[in-house]
Amino acid sequence: MFKPVIGPIVGHTTTNQVRIFVRGEQQDRKRVFAGIRARKAGAEKWSNSVFTLLNPANDMSGVLVLQDLEADCEYEYQAGWLSPMNPVHTIDTVVEFPLQWPRQLYRFRTRTEQARQPRAFIVGSCRYLRITAGIASLPQLGDRIFGSINKLIENSQPAVSAMIMTGDQVYVDDLNIIAPDREAKDILKKYRTAFSQPNIQRLMSSTSTYMILDDHEIEDNWPANASKDDKDLYRNAMAAYELYQASHSPVYACNNDGQIDRDTLKHYWYQFGDSDIAWFVTDSRTRRNLSREDRRILDVEQEEALLDWLISSPARVKFVVTSVMFYPDRKLHGDDAWKAFPEQRLRLLETIRTQRIRNVIFVSGDVHGSLTSRLTHSDDADFEVHTIVSSPLHNSKLLPYAKASTFILDQPLIRTVAGDYRHELTSAVVSQDNFAHLVVEAEQILVNYHDRDGRKLQSISIKLR
């Protein structure tokens, strides 16, 4: 067997299941299979192997699902791909091969069912990696921060459960004016380059990674800037997104044989949890309605699902991921975020306020600046919502960083007859490459921002109620 060309990427992880992405290489017209096997860390006996058939339609990638695992348990695993000489081989016959697995060992940990245990997460967005004509320019710069994240994960307690990437993992529209990439082969090449850099590959091979797209996975300020000529671009961009970002998330159903069902994709938003901590990852990009009659950043189905989750989920802490900022609003260029959809934003806030939902945290990126902010209500002392913004992982020299003066902070976010929604920064605005390390404890969420070399920039405490 050969080492994965890209991956392995540890995706959605539960108490008894994990999804792992692997990409191999095409071998003329021969069949190509990817496989994984796992065992409890330190054990001698491997579990039964899981294989999947790779094909060019999926860019020679596949997602394998390990099932019937034990909760809160550390596993080690091996991953690889092979191409048998005999073209009639199937998944069932490959399992019987006396295989020589790649020697590299990777690790993952399943989720726990115990409530009120400290949990940690990494949050980041906007990883610019200049790729033109299939060639990355100084890729080590865009990969540098992931080395620092790896070091933090290796030395931190509690252990990091997952990394949440909130958008712009890949810049499909990199240098769009000079050399736009619109064809499937060019977009896929960008994904392969971005996800095969050594530090990010090492991170994703051992830490559960959850992703959601933003505009640069398609085109800047999508869909407001879309034209009638962008249909092929959108189709190709979303096909690549589904293969490399959505495939290992919870959006696909899986069968009892450890295979995901690619026909079950209905939308890109999803939910996942870690004991008494729940996450709702919204798609605030591809389901927008820009008409005057019913402006929406989330479609009707998604809004209803989010509201139902907010009201009915028993989770102690509820994180809502939105790739663009929920608040505060930007003075300029704010129409790409929630600022341009005030009615829908107010519906969410009024639901949280009137239903007395506590410990709701909005998590986002996009603005190339990081901050935390607190939202209160002038006539309802019990209402409180927080936001955590983490961006960028690596900026382009062509783009500025956000700073405090970027945002509207001297007036209420929303004025209503029932009172004003007022917000204030609870941190300094970080104007450099950075990532956020969140530690959820019994009484607080500790938000630590680190620079690209891992140095702590600031630490903020969000009190839980």
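In this predicted model, the lining of the second largest pocket is made up, by class, of seven nonpolar, 11 polar and nine charged residues. The volume of this second largest pocket is about 740 Å³, and among the 27 residues that line it, those closest to its centre are R109, I153, A159, V160 and S161. Several elements take part in this lining, with β7 (106–109), α2 (139–155), β11 (160–165) and α4 (198–204) each supplying at least two residues. Both parts of the protein are represented as well, since domain 1 (6–110) and domain 2 (119–463) each contribute at least three residues to the lining of the second largest pocket.

The protein is divided into two domains, domain 1 covering residues 6–110 and domain 2 covering residues 119–463. Their centres, taken over C-alpha atoms, are separated by 29 Å, and the contact between them takes 29 residues from domain 1 and 29 residues from domain 2.

In soluble globular proteins, nonpolar side chains tend to be buried together. Here the largest nonpolar core has 73 residues, and F146, I149, I164, F195, W279, F319 and I445 are those with the most contacts inside it. Helix α5, which spans residues 231–246, gives the most to this core, contributing eight residues. Because domain 1 (6–110) and domain 2 (119–463) both give residues to the core, it lies between them.

Leaving aside neighbours within four places in sequence, W279 is in contact with F121, V123, I164, Y270, Q271, F272, W309, F319, V321, V363 and L438.

Rolling a probe the size of a water molecule over the atoms shows where empty space is left. In this model the count comes to six cavities of 30 Å³ or more, and the largest cavity holds about 50 Å³ of space. The residues that line the largest cavity are N359, V360, I361, E384, V385, H386, I462, K463, L464 and R465. Strands β18 (360–364), β20 (380–389) and β25 (456–463) each supply at least two residues of this lining, and β20 gives the most, with three residues. By class, the lining of the largest cavity has five nonpolar, two polar and three charged residues.

Two single residues complete the walk through the structure. V367 lies in the loop between β18 and β19 (371–377), and V367 counts as buried because its relative accessibility is 5%, the cut-off for buried being under 20%. Not counting residues up to four places away in sequence, V367 touches M325, R330, V389, S391, A402 and F407. The C-alpha atom of V367 is separated by 25 Å from that of L188, a residue 179 residues apart from V367 along the chain.

T376, by contrast, has its place in strand β19. With a relative accessibility of 19%, T376 also counts as buried, because that value falls under the 20% limit. Setting aside residues up to four places away in sequence, T376 touches F383, D420, Y421 and R422.

Technical notes. Residues are numbered from 1 along each chain as its sequence is written. This is a predicted model: local features need pLDDT of at least 70, side-chain atom pairs count only at pLDDT 80 or more; totals for chains, interfaces and linings use all residues. Side-chain values use heavy atoms; hydrogens and water are left out. A nonpolar core is a set of buried Ala, Val, Leu, Ile, Met, Phe, Trp, Tyr and Cys residues joined through side-chain atoms within 4.5 Å. Buried means under 20% relative accessible area, exposed over 50%, partly exposed in between (1.4 Å probe, protein chains only). Helices (H or I, at least four residues) and strands (E, at least two) are DSSP runs, numbered from the N terminus. Domain bounds come from an automatic or database domain assignment. Contact means heavy atoms within 4.5 Å. On a 1 Å grid over the protein atoms alone, a cavity is a set of points where a 1.4 Å probe fits but cannot get out, and a pocket is an open set with protein on both sides within 12 Å along at least five of seven lines; lining residues have an atom within 4 Å of a point. Grid points are joined across faces, edges and corners, and a volume is the space filled by probe spheres set on the points. Ala, Val, Leu, Ile, Met, Phe, Trp, Tyr, Cys and Pro count as nonpolar, Asp, Glu, Lys and Arg as charged, and the others, Gly among them, as polar.
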